[in-house]
Amino acid sequence: MKKGVCAIKICLSRLIKVILQDFIDMIEYLNGELTELTPAYAVVETQGVGYGLNISLNTYSIIQSKKKVKLLVFESIREDAYTLYGFATKQEREMFLLLITVSGVGANTARMILSELTSEELSNVIYSGNETALKMVKGIGLKTAQRIIVDLKDKITAMGLGEFDSTKIGPKEDPINKEVRDEAIGALTMLGFSPAPSAKAVDAILIENPDLPVEQVVKFALKRIK
């Protein structure tokens, strides 16, 4: 009896997954009112429905002063989760889609990489074989950095994404006048870090640089929480 119930649950789960996949494949972008925003998460309301999307710090920097936004979408669906990822630019989504084709790089890791580096900077890093820059991202070790470079260098060249100034690989400075401690800690928590070490890192950074904007605080914290 238990085996029969389990089999039914598995079949239903697979059926739901197929139905949802057919539905979400239709979502190319969301265009609407930005009703909620943190450095890691955005809610876009369109036709009376609010869609929650995980975003990178770079997308946050682009949309943080806007009331209406258009975000390109990637849908991640598993048997236990349905997650939307939003991107302010076509280039960022293209880089995200390339990253998740690399073995060992999931959607959250790809988002973290694109929070640390812009699409152009990441293209430069891969094109120039800069393993050190990739290893600065939380969760990226030497082998993963090498795999990203080997797997994607030819692809970004073919797509015309690697023809940039190779010296532009550092973090992008965006003048933001907000530096909210709780917002930075909340963003780090949403990225998968525990609150205690996140708070410790954020506090230390704000003591040293009290005027830093939220996304820069989070970027520096990502380097400290190892």
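Which residue in β5 is the bridge partner of Glu 75? In this predicted model, that partner is Leu 84.

## The β4–β5 hairpin

Let's stay with that pair of strands for a moment. Strand β4 covers residues 68-78 and strand β5 covers residues 81-87, and the two pair in the antiparallel sense over 7 bridges. With 2 residues between them, β4 and β5 form a hairpin.

## Where α3 meets α7

Now to the helices. Helix α3 (residues 90-99) and helix α7 (residues 142-158) have axes that come within 10 Å and cross at roughly 135°. That angle makes α3 oblique to α7, and the crossing of the two is right-handed.

Who touches whom? On the α3 side you'll find Met 95, Leu 98 and Leu 99, and they meet Ile 148, Leu 152, Lys 155 and Ile 156 in α7. Sorted by class, the contact of α3 with α7 has 6 nonpolar residues, no polar ones and 1 charged residue.

## α5, tucked inside

Why is helix α5 (residues 119-128) described as largely enclosed by the rest of the structure? Because 7 of its 10 residues are buried, where buried means under 20% relative accessible area. The buried residues are Ser 119, Glu 121, Leu 122, Ser 123, Asn 124, Val 125 and Ile 126.

As for what covers these buried residues of α5, the list includes α3 and α7 again, along with α4 (107-116) and α6 (131-135). Just after α5 comes Gly 129, which takes a positive phi of about 70°.

Key. Residues numbered from 1 in each chain as written. Predicted model: local features only at pLDDT ≥ 70, side-chain atom pairs only at ≥ 80, totals over all residues. Heavy atoms only, no water. Axes fitted to C-alpha atoms, helices over the stretch in contact; angles between N-to-C directions. Helix = DSSP H or I, 4+ residues; strand = E, 2+ residues; numbered from the N terminus. Parallel < 35°, antiparallel > 145°, perpendicular 65-115°, else oblique. Left-handed = near helix turned anticlockwise from the far one by under 90°. Contact = heavy atoms within 4.5 Å. Nonpolar A, V, L, I, M, F, W, Y, C, P; charged D, E, K, R; others polar. Buried < 20%, exposed > 50% of the residue type's maximum accessible area, 1.4 Å probe, protein only. Pairing = 2+ DSSP bridges.
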